[in-house]
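Hello,

Here is the structure you asked about, with the sequence alongside. My notes follow below it.

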Amino acid sequence: MRSITMPARRQFLKTSALAGGGLMLSLYLPVRDRMAQAGGIAGDADEALFVPNAFIRITADNWVTLMVDKSEMGQGVMTSLPMLLADEMDADWTRVHIEQAPASPAYVNPMLGMQATGGSTSVRSSWLALRQAGAVARALLLEAASAQWNVDRGNCHARSGVIYGPAGQQASFGSVAAAAAKLPVPVDAKLKDPKDFTLIGKPVARVDVPSKTNGTAVFGIDVQVPGMLIASVVQCPSFGGKLVAVDDRAALKVPGVQAVVPISSGVAVVATDFWSAKTGREALKIHWDRGPDATMDDASILAMFREGAKEAGAVAWRVGQGDAALQQKPGWTMLEATYTVPFLAHATMEPMNCTAHVQKDRCDIWGPTQAQTFNQITASKITGLAQSAIYVHTTFLGGGFGRRFEQDFVAQAVEISKAVSRPVKVIWLREDDTRHDAYRPANLAILRAAIGPDKQLGAWSHKIVGPSIMSRVFPSHVKGGLDETSVQGAVDLPYDLPNAQTRYVMRNTPIPVGFWRSVGHSINAFTVESFMDEVAHAAGQDPYQFRRGLLGHDKRALETLDIAARMAGWGQPLPPGHFHGIAMHHSFGSYVSEVAEVSVSKTGEVRVHRVSCAVDCGHVVNPDTVRAQMESAINFGLTAALLDGIQVRDGGVVQANFDTYRMLRIDAAPHIAVHIVPSIEAPGGIGEPGTPPIAPAVTNAIFAATGKRVRQLPISTHQLRT
């Protein structure tokens, strides 16, 4: 029976040491020293070529264990990654055991340069490496069995955890594992022909679902450590403010409160339980210096963006004559529109939390994290310990969306534990998370286009003004004033545009901005696909057919567009009061087209009834996961498009909890149909590409229903009453 284990590093080392008689294999990485760092295990890999970033372990009792180095935040990575390995091994899927990998340089995500989960990179970064590891394991097992039977290896084959010989011999993986472990690792293990896959491409039930439905799954908030205290932190209500003084006398009288600790981000109340910590924080009397931006609000931020729009900006993309082609010409139709989007919070369902235990010679961190390497760096800076002495125990994540890439909640736990010399779990209130997130950037965009007398799009211009994520997170990645995440989805468009130019003007505020599901794509797909609809309307053409005419050279984009339109019955009669809107977007190596079927009531209420979605994400590992991620991404994007953005007043965030920062409820979720385009292309991302097209698909449908263009999100701020 398959199972999942999320062990402490110490447990992992112990288990590995006891696995005598079994086979343990390393995966490919070019630095052999990392093997010891990852598991303290010396393997048989070639000295010059191989070191591990994960391990296969086959024990004598015929269990195959895989270390998963990515964080499971609901995207199905604990199923899809083992599928890659097990298929190439020809392992028995019912005898696969999965363990969460510890934090180690051995598990660096090659697409991100650190051990981290995000950017829709999990399968893309593991597709080849895990298959190669599986192929190596299969080759070693075959070699061991053939030697035992004194037959040629080429006359043996593996199936479902058993080696078969030419004369009917049979040997389980476990029975030859010890012999296989003594063989040299082949450098040319042959990968399977995709037609021989037994798991890859098949719908496989998620292995993490049973524990999540029976309550045994361990999320960060479930962690219990002997002697642990609970902490709640009060932070300055305005961005850029700081603590001046705190009167903690009343708080210290609350039963259960053990200490009040000023830390770099505020004031922590440490108690024996959460309720005491929460009660204690409410008893604090704090004097804040609210900083130089205490009067900042939405209007002042928008004014700053509008002023920035007067600048030329950094050129991010140019085709043909660029925006110079937008010069007024006789007979040409010129269009211009301004779009804005608000800051957005991540609003993960599991509140921010982290448990830390700082000791003299080590620091342990338990938590739902997307960035183990960053956790080690953060804790090392606070404690002065070497990164190798920082042990990160990754739990399940109750939603990530980029929020758990941040380090604020980890830093708080480490700081407080160091101060009180006890293990401490920090738990954020929902209000803390809403008002102290690293938000999706607000943004202003000015789009211009020129339509020739032939009704063709002759020129396209897109200027983006807004804060930069990379200038805060990775400043060295900002070159010439250009943050590439800010222009994602606004450059390298799949449309055949004779003249196009995209510019970026950086305008940072004291509000921290971070990676939010699909990052810049979610913003720019809204503006690009909405304005493309405006251009089609101005050209007097059907928006679907207009896009078709511009996608002739990109067959994958065109195919998803055609399939989504066909699924929705584009151009066919709809129920009374229902209208279609269409959008297409390319992100993270995948193409997604969506058609939204929408109605708008006389009172202006928008209802999304149905979404038809076609996705080409290259080679599919688990189609069930792909469909689930498309459905999740569409509902995630609908929440942001339809409901609430973050509002800023008096230098801080207005919203606090789910009554003012609402989530899409089940009764408002549309029926979603997903078609996966068969493909042999390299795998594309799947966690994020479903989000960008949904907002413009809905707003384009609203235009079809009402004749009103939605150029500002969220839609709830518009007057659509008829």
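To start with the charges over rings: K329 lies over the face of W332, 4.7 Å from the ring centre. R440 is placed likewise over the face of W516, at 5.0 Å from the ring centre. Please keep in mind that this is a predicted model.

Next, the aromatic rings. There are eleven aromatic pairs. In one of them, F239 and Y439, the ring centres are 6.2 Å apart and the planes stand at 85°; an angle over 60 degrees counts as edge-to-face, so this pair is edge-to-face. F239 sits in the loop between β9 and β10 (242-247), while Y439 sits in the loop between α12 (430-435) and β20 (443-451), so the contact ties together parts 200 residues apart in sequence. F239 and Y439 are both buried. Elsewhere, F374, F405, F474 and F515 make up one aromatic cluster.

Then the sheet. Seven strands form an open, mixed sheet, in the order β11-β12-β9-β19-β16-β17-β18. Its edge strands, β11 (257-263) and β18 (390-394), each pair on one side only. From one strand to the next the twist averages 20°. β11 runs antiparallel to β12 (residues 266-271), and six bridges join the two. Within that pairing, I263 stands opposite G266 of β12.

Two helices go with the sheet. Helix α10 (residues 372-383) packs on it and touches β16 (353-358), β17 (363-367) and β18, with its direction at about 140° to that of β18. Helix α11 (residues 408-420) lies across β9 (229-234), β11, β12, β16, β17 and β19 (424-427), and runs at about 35° to β16.

Regards

Definitions and conventions
Residues numbered from 1 in each chain as written. Predicted model: local features only at pLDDT ≥ 70, side-chain atom pairs only at ≥ 80, totals over all residues. Heavy atoms only, no water. Pairing = 2+ DSSP bridges. Helix = DSSP H or I, 4+ residues; strand = E, 2+ residues; numbered from the N terminus. Axes fitted to C-alpha atoms, helices over the stretch in contact; angles between N-to-C directions. Contact = heavy atoms within 4.5 Å. Phe/Tyr/Trp six-rings, centres within 6.5 Å; stacked < 30°, edge-to-face > 60°. Buried < 20%, exposed > 50% of the residue type's maximum accessible area, 1.4 Å probe, protein only. Lys NZ or Arg CZ within 6 Å of the ring centre and 35° of its normal.
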